[in-house]
Amino acid sequence: MTEPSRGGLRFAFYGRVSTEDRQDPVTSRARRPESAALVAAMADPGRGFDAIVIGEYERAFYGGQFSLMAPLFEHYGVQLWTPELGVRSICGRGP
């Protein structure tokens, strides 16, 4: 099990290279297993992160996807950081 540093957070990064309007099929398909693995890792109490920082909100969530994912972040106590929106933690246990 990975121990958190004193007073610090461990971050995972989620970045996506394509949007709905500008799909790059090869790159987009290659990243999907990684995002699924990140979501699955949230359930592991020994995961190596406390928070996920999103590279670009619009590329991470489309339409109502955030409302479907937010309960998972909350349930597993994983913070979601979206720097481009100026939001430090929008769900999960805030610092």
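Throughout these views, buried means under 20% relative accessible area, exposed means over 50%, and partly exposed is whatever falls in between, using a 1.4 Å probe and protein chains only. This is a predicted model, so local features need pLDDT of at least 70 and side-chain atom pairs count only at pLDDT 80 or more, while totals for chains, interfaces and linings use all residues. Residues are numbered from 1 along each chain as its sequence is written, and side-chain values use heavy atoms, with hydrogens and water left out.

**View 1. The protein chain as a whole, with three helices and three strands.**
Helices (H or I, at least four residues) and strands (E, at least two) are DSSP runs, numbered from the N terminus. Read from that end, the elements of the protein chain go β-α-β-α-α-β. Of the 95 residues in the protein chain, 31% are buried. If you take the contacts (heavy atoms within 4.5 Å) in the protein chain with a separation of 6 or more, 58% of them link residues 24 or more positions apart.

**View 2. Helix α3, residues 65-76.**
This helix has 12 residues and reaches 17 Å from its first C-alpha to its last, close to the 16 Å expected at 1.5 Å a residue; the expected span is 1.5 Å times one less than the number of residues. Which residues of α3 are buried? They are Phe66, Met69, Ala70 and Phe73. Seen down the axis of α3, these buried residues fall within an arc of 120°, so they line one face of the helix. The arc is taken over the directions from the helix axis to the C-beta atoms. As a rule, an α-helix has 3.6 residues a turn, so residues three or four places apart point the same way. On the face of α3 turned away from the buried side sit the exposed residues Ser67, Leu68 and His75. Just past the end of α3, Gly77 takes a positive phi of about 70°.

**View 3. The largest nonpolar core, with 15 residues.**
A nonpolar core here is a set of buried Ala, Val, Leu, Ile, Met, Phe, Trp, Tyr and Cys residues joined through side-chain atoms within 4.5 Å. The members with the most contacts inside this core are Met42, Phe49, Ile52, Phe61, Phe73 and Leu80. Two or more residues come from each of β1 (11-14), β2 and α3, and α3 gives the most, with four. Zoom in on Met42 and, leaving aside residues up to four places away in sequence, you'll find it touching Arg47, Phe49, Ile52, Met69, Leu72, Phe73, Tyr76 and Val78.

**View 4. Strands β1 and β2, side by side.**
β1 and β2 pair in the parallel sense over four bridges; to count as paired, two strands need at least two DSSP bridges between them. Ala12 stands opposite Ile52 in β2, and Tyr14 stands opposite Ile54.

**View 5. Strand β3 (residues 79-81) next to β2.**
These two strands also pair, in the parallel sense and over three bridges. Gln79 in β3 is the bridge partner of Ala51. Is Gln79 buried or exposed? At 4% relative accessibility, Gln79 counts as buried. Trp81 is also placed in strand β3 and, at 19% relative accessibility, counts as buried. The side chains of Trp81 and Gln79 are joined by a polar contact of 2.8 Å. Such a contact is a pair of N or O atoms within 3.5 Å; within protein, one must be able to donate a hydrogen and the other to accept it, and residues adjacent in sequence count only if both atoms are side-chain atoms. Trp81 and Phe13 are 68 residues apart in sequence and 9.5 Å apart in space, C-alpha to C-alpha.

**View 6. Gly48, in the loop between α1 (25-41) and β2 (51-54).**
At 41% relative accessibility, Gly48 counts as partly exposed. From C-alpha to C-alpha, Gly48 and Ala12 are 8.0 Å apart in space and 36 residues apart in sequence.
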